[in-house]
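Good morning, and thank you for coming. Please look at the sequence and the structure while I speak.

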Amino acid sequence: PQEGKIRVWTEEDAINAWPSFAASAHKGIFGTGYIIAGSDHMPGSALLAAKGALRSGIGKLIIGTSQFASAILAGEVPETTYEFDGLEKTANGSIPKKLKAAAIGPGLENEDLIEQAVQTLLEGDFPVVLDAGALQKRRYMKREIPPILTPHPGEFSRMTGLTVKDIQSSRIQTALQYAAENEVILILKGEQTVIAFPDGDAIINLTGNSALAKGGSGDTLTGILTACLCTHRTIKEAAANAVLIHGMTADLWVSKYGVRTMTASDISDMIPEVMKNLE
Ligand code: APR
Ligand code: MG
């Protein structure tokens, strides 16, 4: 990759990048996000992503999931609207109008439908997050806003054919190389998440800890990221802030309750206190 800047994203950076709330604000300014996640077997993925998005300032959230999963979510996140069988509809080329950002992947199973749905979303002109089941080895068409991929090292191994050991031994360089070659934004998760951009820039995140090493933590990040993409001025700032606050919730949790008890739902419950410290 070409020479870019590699830097750590700080709380001060986050404060500067977080858009302020105008007194005249209405939900339209914060944007509508669409998250395709969850299935009959894994409704919780959609719920975790929804909670993450709702606590991170999204204006309106549409969840595309199965009817069964929608019924489970409705009582938990009444702020959300639903696109029943959103995966199937998106695979068939139909998506809600006026989206500011979209995400697909957590808790999805049907690879063929996922592949078609990813293609539909990438034909849109808004930022698209690909996570979990939507992360595969594939080629990306050039796109004005690069696709945003959020693999953990195991998923990155599946996407690249590299071993997890090789990935982990040079996380920054491997992420930057993939981002440049594929013209994508790569968020390589795990301790010290790396956000690599196709222009050669990388942002390193130092927040978070092993309290996040629990099922569902990544689904919550997908929700937070979708919200940040709806509200922030730039994709770089949105990605960096999402990863930063996700980690800060775990740091705050550990300072209060120790490292053992945190669950993925707790991430979203801690966001308000984290955000208070970023004003
Ligand atoms: N230090 C800091 N952050 C950590 C640590 C750590 N030691 N361990 C985990 N995290 C963070 C990661 O950076 C990431 O943001 O927690 C999150 C974990 O995300 P995932 O690995 O995607 O985990 P999960 O939510 O369980 O994934 C759910 O999707 O990715 C698939 O195979 C996965 O089926 C599973 C599902
Ligand atoms: Mg995951």
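Predicted model: local features only at pLDDT ≥ 70, side-chain atom pairs only at ≥ 80, totals over all residues.

Residues are numbered from 1 along each chain as its sequence is written, chains are lettered from A and ligands numbered from 1 in the order in which they are written, and side-chain values use heavy atoms, with hydrogens and water left out.

The protein contains twelve helices and ten strands; these are DSSP runs, helices being H or I with at least four residues and strands E with at least two, numbered from the N terminus. Its radius of gyration is 17 Å, close to the 19 Å that the globule rule gives for 279 residues, so the protein is as compact as a globular protein of that length. That radius is taken over C-alpha atoms, and the rule is 2.2 Å times the number of residues to the power 0.38. Along the principal axes, the C-alpha trace spans about 45 × 40 × 40 Å.

How much of the protein is buried? Of the 279 residues, 55% count as buried. Buried means under 20% relative accessible area, exposed over 50%, and partly exposed in between, with a 1.4 Å probe and protein chains only.

We come now to the charged side chains. Side chains of opposite charge can pair when their charged atoms come close. A search of the whole structure finds nine salt bridges, each a side-chain nitrogen of Lys or Arg within 4 Å of a carboxyl oxygen of Asp or Glu.

One of them joins Lys-89 and Glu-83, with the closest N and O atoms 3.4 Å apart. Lys-89 is partly exposed at 32% relative accessible area, and Glu-83 is partly exposed at 22%.

Another salt bridge pairs Asp-131 with Lys-189, at 3.5 Å between the closest N and O atoms. This pair links distant parts of the chain, 58 residues apart: Asp-131 sits in the loop between strands E6 and E7, and Lys-189 in the loop between strands E8 and E9. Both Asp-131 and Lys-189 are buried.

Glu-183 and Lys-142 also form a salt bridge, their closest N and O atoms being 2.8 Å apart. Here Glu-183 is partly exposed, at 38%, whereas Lys-142 is exposed, at 68%.

Finally, salt bridges that share partners join Lys-5, Asp-199, Asp-201 and Lys-236 into one network.
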